[in-house]
Amino acid sequence: MEKDFGGFKGVLIIGMGLIGGSIALSLKREGYTGKIYGFDLSEERIKKAVELGAVDRGFTKLEDVPWDEIDLVIIATPVKTFESVAQGIKPFLKEGTVITDVGSVKGELVKKLEEILLPHRFIGAHPIAGTEKEGVENAVIGLFKGKKLILTVDKEDEETRKLEKFWTDLGSKVEVMDPYTHDFVFASVSHLPHAVAFALVDALIELSDETGIDLFLYPGAGFKDFTRIAASSPVVWKDIFIENKESVLHTIDSFIKSVEKLKEYIQKEDEDRLVELLSEIRQKRLSLEEG
């Protein structure tokens, strides 16, 4: 099927970070022929985005953006800013413009954004892709190729199909999911792992202080692999944890129960249960690679 990126003629990406920059560079690599504009409050990030060829033009003031040339707006800022961004851009949007995002929290936030942006259409989107790095200078061409992209809508219509084609042409595998289901699923498989990675590094800081031994002199590849995501942006993850608080706390409670079970088996030296538990976990982890 021919790539037309949903028929969108002009794209504005708000937030020239890793994800925003990766969308822009990937669009160019995949043959998008429309205009790509970037907006960020940081003049330095806009300058870098233009230097990298990620955007055709960049702006730091909303009133300077050529809104009449834009029919797709992608919000790629931290999730805590989404409502204020939506309120800020609404007066400038032309009729028929679709607004979407790339945030990892949906639920009530999607409903609020839908209401704020009426009569324009907002469609929540979450690309399951990224790295622990920040900034447009770390943008990755092809970051979304072969990766899942979740659209959080209650019904599919023309605008949804256009946005689905946009992401499909970037190489994503698009799925549709209810916003609230999305928040529980990704609290479990993304937000909890980040929380655990942050907490593990914190535990080693505490143990280092307690013993006077700098434990960070000794980690091997396993520790570095496991905690790579603890190098992610504190601001981004502060927002995610708080915006998805209920689901995140639910998954943390479940994790604590699992750790307590493991602790109990070790404490009792219950070898049979320990082997049974670890074997079950090992098989589940191996099945991920088979899939």
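First, the ground rules. Residues are numbered from 1 along each chain as its sequence is written, and side-chain values use heavy atoms, with hydrogens and water left out. Because the model is predicted, local features need pLDDT of at least 70 and side-chain atom pairs count only at pLDDT 80 or more, while totals for chains, interfaces and linings use all residues.

I start with strand 1, residues 10–14. Helices (H or I, at least four residues) and strands (E, at least two) are DSSP runs, numbered from the N terminus. Buried means under 20% relative accessible area, exposed over 50%, and partly exposed in between, with a 1.4 Å probe and protein chains only.

Next, Phe186, which sits in helix 6, residues 179–211. Phe186 is buried, at a relative accessible area of 7%. Leaving aside residues up to four places away in sequence, Phe186 touches His126, Ile128, Ile150, Met177 and His191; contact means heavy atoms within 4.5 Å.

Now the rings. There are 10 aromatic pairs in the structure. Rings of Phe, Tyr and Trp (its six-membered ring) pair if their centres lie within 6.5 Å; planes under 30 degrees apart count as stacked, over 60 as edge-to-face and the rest as tilted. Tyr37 and Phe59 have ring centres 6.1 Å apart and planes at 55 degrees, so this pair is tilted. The pair links Tyr37 in strand 2 with Phe59 in strand 3, residues 57–59, 22 residues apart. Tyr37 is buried at 2% relative accessible area, and Phe59 is buried at 6%.

For Phe198 and Phe241, the centres are 6.2 Å apart and the planes stand at 85 degrees, so the pair is edge-to-face. Phe198 is in helix 6 and Phe241 in helix 8, residues 234–243, so the pair ties together parts 43 residues apart in sequence. Phe198 is partly exposed, at 24%, and Phe241 is partly exposed, at 23%.
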